[in-house]
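Dear colleague,

Please find the structure below, together with its sequence.

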Amino acid sequence: MSDAYDWQCECHLKCHLQITSICSEVTKLILCYWSQKTDISSLSNRKDSMRRALLKLAKDRFREMQSTHQIQLLDSNLAAPISPTPNLIIKTFLPHLKLDSSKLMVDLGCGDGRWLLAASKLTQCRSFGIDLDEDRLKIANQSITEQNLDDRIEVQRRDVFDFVKNDAKVFLTADVFVLYLFRDAMVEMGKLLQERLCQQKKSVCVLSIGFALTGWKPSHEQRINGLKVYHYNTRLNST
């Protein structure tokens, strides 16, 4: 299995499995694995074996839940992890997006709206979020209202691919796009954004979290707490 697939499974483990229900299973798997590996002597090896045991559990449990419909994937295609961007990444990269009150930032898969809220509060920019998760959008709307940012932030329940393919009013006026999608989704998204963005005269910034944007050359990339972040500019990726 690829590292990307492993990362996706780790996300599903964090998001869909309750710790109290799996502790005993994790312990059994780890003990079983260690009992078969009598040559493990260093701390790094023990950590590695624990990680493999957890990943195996995550994969097995996720497949089981898929087969029994305990996880209902929207349109049978989960494009983004149900896991918010770590605040440290937002704090680190937001100042580099060159946003101000005249700019528009679009978050493709906005979740609870943390990128939107942080950007509009810090830079006074306008922010627009797209997501399919109604519960997360309710949280986002509540936070927007509580922080008196209704005039600067809007969220919409919509498929990110449909938005990128068909929207004209918001999409073509955006200055910054933020994406936190799975690797498979990034393949299609890279092509779509290339087609629609890189022919524009103005410079547009794209920030991708977790996986690289397929077909694009990053102007900067950085790993924060194990999560890779890629910064792109359409000027470097125009055809």
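In what follows, contact means heavy atoms within 4.5 Å. This is a predicted model, in which local features need pLDDT of at least 70 and side-chain atom pairs count only at pLDDT 80 or more, while totals for chains, interfaces and linings use all residues. Residues are numbered from 1 along each chain as its sequence is written, and side-chain values use heavy atoms, with hydrogens and water left out.

Leaving aside neighbours within four places in sequence, methionine 189 is in contact with Leu108, Val160, Phe161, Val164, Leu179, Leu181 and Leu213. Met189 is also among the residues that touch the most other members of the largest nonpolar core, together with Phe163, Phe177, Leu179 and Leu193; this core has 29 residues. A nonpolar core is a set of buried Ala, Val, Leu, Ile, Met, Phe, Trp, Tyr and Cys residues joined through side-chain atoms within 4.5 Å. Buried means under 20% relative accessible area, exposed over 50%, and partly exposed in between (1.4 Å probe, protein chains only). Two or more residues of this core come from each of β1, β2, α7, β4, α8 and β7 (227-233), and α8 gives the largest share, with 6 residues. A second, separate core holds 28 residues, including Leu94, Leu116, Tyr180 and Ile224.

The element names refer to DSSP runs numbered from the N terminus: helices are H or I of at least four residues, and strands are E of at least two. Two strands pair if DSSP finds at least two bridges between them.

The sheet is open and mixed, with 7 strands in the order β3-β2-β1-β4-β5-β7-β6. β3 (153-157) and β6 (220-224) are the edge strands, each with a single partner, so one side of each has no neighbour in the sheet. On average, neighbouring strands are turned by 15 degrees against each other, direction ignored. Axes here are lines fitted to C-alpha atoms, for helices over the stretch in contact, and angles run from 0 to 180 degrees between N-to-C directions. Within the sheet, β4 (residues 176-179) pairs with β5 (residues 205-209) in the parallel sense over 4 bridges, and leucine 179 stands opposite serine 208 of β5.

Two helices may be described with the sheet. Helix α5 (residues 114-123) lies across β1 (104-108), β2 (126-131), β3, β4 and β5, and runs at about 180 degrees to β2. Helix α6 (residues 134-146) packs on the sheet, where α6 touches β2 and β3, and its direction makes about 165 degrees with that of β3.

Lastly, the charged pairs. A salt bridge is a side-chain nitrogen of Lys or Arg within 4 Å of a carboxyl oxygen of Asp or Glu; the count by this rule is 7. In one of them, arginine 157 and glutamate 134 have their closest N and O atoms 3.4 Å apart. Arginine 157 is in strand β3 and glutamate 134 in helix α6, so this pair ties together parts that are 23 residues apart in sequence. A further salt bridge joins aspartate 175 and lysine 202, at 3.5 Å between the closest N and O atoms. Aspartate 175 is buried, with a relative accessible area of 15%, whereas lysine 202 is partly exposed at 29%. Salt bridges with shared partners also join Arg158, Asp162 and Asp167 into one network.

Yours sincerely
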